[in-house]
Amino acid sequence: MPKIDKANLHNNKPMNLFFYSSANAKKWEVELATLKSNNLRLTAALQESTANVDEWKRQLHQYREEVARARHYAGKGAEANEVEQLRQRVAQLEAELAQKNEELAQITKSKKSEQDAEAKLAQSQLELALAAQDGQRQVIQALNDQLARQLDELSSIHRELSAALAT
């Protein structure tokens, strides 16, 4: 903020109020933009996690196909030990997939609630700043109207004095 002489501080009080209000509103607009940027970043992370889940599902499908082929060959004389290993591997992968799905659901829920809370807070703060700015604008307008009336009165007095001096 530029330096203001103390003598002019009283005279510029309405302008100072308007300046600080405007700066405050800009600060909250920047905060809202930051939150929107964070929201985009978190959305991208969520999309990446979803892509990972899709990949895990694809891998599980492949492993299930392997097990199905192994069972088919097991019926044709493949070793029971190999089939059991494949069953265990499929069970292990299904457990991992379930765990990853649960983690993804928890992360998604947590991030969404954080985003919602941050957005609500920023919105309410922006509304408060805008309301304060509007209130200050009304005060400045009232002061401007009062100044205009006083100038009209001074102008009228000046005309009367000029007329009195002219006579």
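Student: How many salt bridges does the count come to?

Tutor: The general idea is that side chains of opposite charge can pair when their charged atoms come close. This is a predicted model, and the count in it comes to four salt bridges. One of them joins R64 and E94, with the closest N and O atoms 2.5 Å apart. This pair links distant parts of the chain, since R64 belongs to helix α2 and E94 to helix α3, 30 residues apart.

Student: Which residue forms a salt bridge with R58?

Tutor: The partner of R58 is E55, and their closest N and O atoms are 2.2 Å apart. Both residues lie in helix α2, three residues apart, which is about one turn of the helix. R58 counts as partly exposed because its relative accessibility is 39%; E55 also counts as partly exposed, at 31%.

Student: How far apart are N and O in the salt bridge of R87 and E84?

Tutor: The N to O distance for R87 and E84 is 3.9 Å, and the cut-off for a salt bridge is 4 Å, so the pair is counted. R87 and E84 are three residues apart in helix α3, again about one turn of the helix. At 40% relative accessibility R87 counts as partly exposed, and E84 is partly exposed with 35%.

Student: How many helices and strands does the secondary structure of the chain come to?

Tutor: The secondary structure comes to three helices and zero strands. Read along the sequence, the pattern is α-α-α.

Student: What share of the contacts with a separation of 6 or more comes from residues 24 or more positions apart?

Tutor: Such residues account for 80% of those contacts. The C-alpha atoms of S49 and N101 are 52 residues apart along the chain and separated by 9.6 Å. S49 lies in helix α2 and is partly exposed because its relative accessible area is 23%.

Student: Which residues does L46 touch, not counting those up to four places away in sequence?

Tutor: With those neighbours set aside, L46 touches L104 and T108. L46 is a residue of helix α2, and a relative accessible area of 33% makes it partly exposed. From L46 to K112 the C-alpha distance is 9.9 Å, although the two are 66 residues apart in sequence.

Student: Why does Q115 count as buried?

Tutor: Q115 counts as buried because its relative accessibility is 17%, and the limit for buried is under 20%. Its place is in helix α3. The side chain of Q115 makes a polar contact with the side chain of N39, at 2.9 Å. Apart from residues up to four places away in sequence, Q115 touches N39, L42 and T43.

Student: Which residues make the nonpolar surface patch of about 480 Å²?

Tutor: That patch is made by L147, L151, L154, I157 and L161. Among them, L154 has its place in helix α3 and is exposed, because its relative accessible area is 54%, where exposed means over 50%.

How values were computed
Residues numbered from 1 in each chain as written. Predicted model: local features only at pLDDT ≥ 70, side-chain atom pairs only at ≥ 80, totals over all residues. Heavy atoms only, no water. Helix = DSSP H or I, 4+ residues; strand = E, 2+ residues; numbered from the N terminus. Buried < 20%, exposed > 50% of the residue type's maximum accessible area, 1.4 Å probe, protein only. Polar contact = N/O pair within 3.5 Å; in protein donor to acceptor, adjacent residues only side chain to side chain. Contact = heavy atoms within 4.5 Å. Patch = residues over 30% accessible without salt bridge, like charges linked within 9 Å, V, L, I, M, F, W, Y side chains within 5 Å. Areas by Shrake-Rupley, 256 points an atom, 1.4 Å probe, with all protein chains shown as cover. Salt bridge = Lys/Arg side-chain N within 4 Å of Asp/Glu carboxyl O.
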